[in-house]
Number of protein chains: 2
Amino acid sequence: MRKIRVGVVGLGNLGRSCIDIVKERSDLFELIAVFSRREVEGTVLLSTVDEYKDKIDILLVCVGSSTDAPILLPQLAKNFSTVDSFDTHAKIGEYIENIQKDQGDVVAVVGTGWDPGIMSLMRIYFDAFVIGKPAESFWGDGVSLGHSNAVREIEGVEDAIQFTIPKEDAVDAVRKGKVVKALDKHKRVCFVVAQNDKHKQIEEAIKTMPNYFAGYETEVNFTSKQHFDKEFKGRVEHGGLVLASDGKSQMEFKLKLESNPYYTASVMVAYAIAAFRLKQEGKTGVFTVADIAPKYLEIGDVISKI
Amino acid sequence: MRKIRVGVVGLGNLGRSCIDIVKERSDLFELIAVFSRREVEGTVLLSTVDEYKDKIDILLVCVGSSTDAPILLPQLAKNFSTVDSFDTHAKIGEYIENIQKDQGDVVAVVGTGWDPGIMSLMRIYFDAFVIGKPAESFWGDGVSLGHSNAVREIEGVEDAIQFTIPKEDAVDAVRKGKVVKALDKHKRVCFVVAQNDKHKQIEEAIKTMPNYFAGYETEVNFTSKQHFDKEFKGRVEHGGLVLASDGKSQMEFKLKLESNPYYTASVMVAYAIAAFRLKQEGKTGVFTVADIAPKYLEIGDVISKI
């Protein structure tokens, strides 16, 4: 296999992790360019990306899922094979359709990372192999970026972080083959920096926030800016658990990540290999992790892993 | 999808489990015939299997891997799509080649079950997603049929069972990203029924048996026939663990099986669905679990699992 010519779109935590991993694996990859929306030294303006059409095999697209990816990916898919980590579960079907509309003869691998990603794979395999008991997913212990942002947007909050923690009794119940309500699976623990006189109303605003906190066991801790910066600033660890049990057979997948973006990037880079090989076989279209046979990830002798 | 017409070859623990599962899932499967080498009531003679060529979509082949499967599968592959649980890791390449030699326009899924099977999948995914640290497999706590048989064949042994137990310190070392020697990963614990005056020579014969026990930490316990029959007779539980860690990211897959043959059968039945759908798409050839995209296992909405 010749070296895969890679471009990275985006310069956030995820993009920077992709750049690091691609450089570490220079036996497999050649980093052609990093694309950015704004002028940043050492990067190329994203608006000129089409000039790289014949110079890049795979674009690793590291942009936000809420607004950026749904607009950007359908544009890029005209000329480029891509791998992304789109993670809005409820919108993946719509997202795929939009990419397919104008897609060129390229491969788009969507929704890689840990969830969606390896936890999706586990749900599919576990459901197939343990009959009649759907696999259950738990997230954490770890930092939820979405929930942390939601708290930060409350008036009076200077800084905040939210830890998602699976509830032990819920995990045990699922292990025994019982069904647990979604709201009873996780506990949400917030650490918040705010002026004393605002604590009461902020705690109330957090605990009643629909979709994010309402109905969950939620713990709100206020802390000083110094303590927050020392203990919580920049923390990106996360993890997950997929369980299936029919009473006879029990399967568990556990993930513990020091850095959520680093792991997501390493899964994206693995699927860049798969995308390249699918493209080389003449396959085109949009692929999720469910559409890709495991062998496409293995560059060595796959039979030795069987 | 119409119902999948299934035949089962073999009447051991595995074959019987396949029959049970296929009957439980009568919404998906129709059991056409059970094939046996000898005349058994309710079964069809295996020598007449070719008469069922157009009546069966998938044969679940439940025969031993050491001598039966390597002879039988290449014969069956002329006319039938098959799923098996061939488990001699070192010979899978050769096994596949022999099936391919005379294969008709059919699908043969080989080496399904737990290992090879879901543990193979984990090794491939973990190796791809955690860079530079190969995934490590542990087996147990559970009963190794092969090792139990090996002990039973020693002169003077009336009955025996062998439990394979992963060593905690080895598991911890791998979790920390260290490399552990193969012989140091597992402990082997035997329970043996034999006359008192033979204990010493039997223990010696076990502990020095090449490939099976020599070099392993091995514990030999002698017990009465009554105690053996009460505690150990018919036990079929097993389990496994696949670990990968690069110090930053840690992935663990854990399997706990009350019945090794029942779980193996449930994985075989899941791959019968995949084999049927591959065949319907016009694909033919030999497939391992690495060659089959996860979506082929999912009969519902795969996007909802992503």
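Predicted model: local features only at pLDDT ≥ 70, side-chain atom pairs only at ≥ 80, totals over all residues.
In which sense, left-handed or right-handed, does α1(B) pass α9(B) in their crossing? The crossing is right-handed.

## Two helices of chain B

Two packed helices are described by the angle between their axes and the distance between the axes. In chain B, helix α1 spans residues 13–24 and helix α9 spans residues 260–280. Their axes come within 8 Å and cross at roughly 55 degrees. The two helices, α1(B) and α9(B), are therefore oblique to each other.

## Residues in contact

From α1(B), the residues that take part in the contact are B:Asn13, B:Leu14, B:Ser17, B:Cys18, B:Ile21, B:Val22 and B:Glu24. They meet B:Pro261, B:Tyr262, B:Thr264, B:Ala265, B:Ser266, B:Met268 and B:Val269 of α9(B). Sorted by class, this contact has 9 nonpolar, 4 polar and 1 charged residues.

## The second largest pocket

Rolling a probe the size of a water molecule over the atoms shows where empty space is left. The second largest pocket holds about 1,600 Å³ of space. Its lining is made up of 44 residues, and those nearest the centre of the pocket are A:Asp87, A:Asp115, A:Ser144, A:Leu145 and A:Gly146.

Several elements of chain A each supply at least two residues of this lining: α1 (13–24), β7 (136–139), α5 (145–152), β10 (186–194) and α9 (260–280). The largest share, 5 residues, comes from α5(A). By class, the lining of the second largest pocket has 14 nonpolar, 23 polar and 7 charged residues.

Definitions and conventions. Residues numbered from 1 in each chain as written. Chains lettered and ligands numbered in written order. Heavy atoms only, no water. Axes fitted to C-alpha atoms, helices over the stretch in contact; angles between N-to-C directions. Helix = DSSP H or I, 4+ residues; strand = E, 2+ residues; numbered from the N terminus. Parallel < 35°, antiparallel > 145°, perpendicular 65-115°, else oblique. Left-handed = near helix turned anticlockwise from the far one by under 90°. Contact = heavy atoms within 4.5 Å. Nonpolar A, V, L, I, M, F, W, Y, C, P; charged D, E, K, R; others polar. 1 Å grid on protein atoms, 1.4 Å probe; cavity = no way out; pocket = protein on both sides within 12 Å on 5 of 7 lines; lining within 4 Å. Points joined across faces, edges and corners; volume = space filled by probe spheres on them.
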